[in-house]
Amino acid sequence: MQRIAKSFHGLSFYYWYRGRTYVLDLSHNKLQVLLPKVFDSLDLDRVYLQHNDLSQLHTETFRGLTLSKNGILDMSQNKLQDLPPKVFDSLELDRLYLQNNNLIQLHAETFQNLTFGQNGILDMS
């Protein structure tokens with residue numbers, strides 16, 4: 001596995017390449033906000049956003065992101081209180097980790113058009 005460390009405007013992240021596995025690791029960066037379409041046109045297998053200070057997401061934060069059918073989106077260990085409607089619209093993934101946040105409200109359409117793989121896991125503990 002090749003692990004490439006990068007820095008962009010003081011933000012540290014890792015981009016891993018292993019065969020055909022693409023990992024974007026933005027964990028432990030004290031991120032507070034993710035802009036709409038921040039992942040637009042990215043084709044990844046895993047996105048790690050855990051251990052940041054995210055308190056809210058925009059409805060279009062993940063718009064344009066393509067994850068593999070075995071994809072992982074990890075947003076655990078943040079300060080999320082609310083997940084907007086359709087925030088995961090059209091994503092296909094295998095695992096979504098939301099545990100250890102401060103979720104107090106979920107909208108009826110939060111998980112609309114989110115597709116899980118055969119062994120899909122949604123962890124909100």
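**Close-up views of a predicted model**

Aspartate 53 is partly exposed, its relative accessible area being 24%. The structure shown in these views is a predicted model.

**View 1. Lysine 79 and aspartate 53 form a salt bridge.** The two side chains meet with a distance of 3.6 Å from N to O. This pair links distant parts of the chain, 26 residues apart: lysine 79 belongs to the loop between β5 and β6, and aspartate 53 to the loop between β4 and β5. Lysine 79 is partly exposed, with a relative accessible area of 41%. In total, the structure holds four salt bridges.

**View 2. Arginine 63 and aspartate 89 form a salt bridge.** The closest N and O atoms of arginine 63 and aspartate 89 are 3.2 Å apart. Arginine 63 counts as partly exposed at 28% relative accessibility. Aspartate 89 has a relative accessibility of 17% and counts as buried, because that value is under 20%. A network of salt bridges links Glu60, Arg63 and Asp89.

**View 3. Aspartate 94 and arginine 95 form a salt bridge.** The closest N and O atoms of this pair lie 3.7 Å apart. Aspartate 94 is buried, at 9% relative accessibility, while arginine 95 is partly exposed, with a relative accessible area of 31%.

**View 4. Phenylalanine 88 and the largest nonpolar core.** This core has 24 residues, of which Phe39, Leu49, Phe62, Leu73, Met75, Phe88 and Leu91 touch the most other members. Two or more residues of the core come from each of β4, β5 and β7. Leaving aside residues up to four places away in sequence, phenylalanine 88 touches Phe62, Leu73, Met75, Leu83, Leu96, Thr110, Phe111, Gln112, Asn113 and Leu114. Of the 125 residues of the protein, 38% count as buried.

**View 5. Histidine 28 and its contacts.** Histidine 28 is placed in the loop between β3 (21-25) and β4 (43-48). With residues up to four places away in sequence not counted, histidine 28 touches Gln50, His51 and Asn52. Although histidine 28 and histidine 51 are 23 residues apart along the chain, their C-alpha atoms are separated by 5.0 Å. Histidine 28 has 56% relative accessibility and counts as exposed, because this value is over 50%.

**View 6. Glutamine 77 and serine 90 have positive phi values.** Most residues other than glycine have a negative phi. Glutamine 77 has a phi near 60° and is placed in the loop between β5 (66-74) and β6 (82-83). Serine 90 has a phi of about 70°, and its place is in the loop between β6 and β7 (92-97). Glutamine 77 is partly exposed, with a relative accessible area of 31%, whereas serine 90 is exposed, at 55%.

**View 7. A nonpolar patch on the surface includes methionine 124.** The patch is formed by Leu106, Phe116, Leu122 and Met124, which together have about 300 Å² of accessible area. Methionine 124 lies in the segment after β9 (115-123) and is partly exposed, with a relative accessible area of 32%. For the protein, the accessible surface comes to about 7300 Å², and carbon and sulfur atoms account for 44% of it.

**View 8. The fold as context for the close-ups.** The protein has nine strands and zero helices. Of the contacts with a separation of 6 or more, 43% involve residues 24 or more positions apart.

How values were computed. Residues numbered from 1 in each chain as written. Predicted model: local features only at pLDDT ≥ 70, side-chain atom pairs only at ≥ 80, totals over all residues. Heavy atoms only, no water. Helix = DSSP H or I, 4+ residues; strand = E, 2+ residues; numbered from the N terminus. Buried < 20%, exposed > 50% of the residue type's maximum accessible area, 1.4 Å probe, protein only. Contact = heavy atoms within 4.5 Å. Patch = residues over 30% accessible without salt bridge, like charges linked within 9 Å, V, L, I, M, F, W, Y side chains within 5 Å. Areas by Shrake-Rupley, 256 points an atom, 1.4 Å probe, with all protein chains shown as cover. Core = buried A, V, L, I, M, F, W, Y, C linked by side-chain atoms within 4.5 Å.
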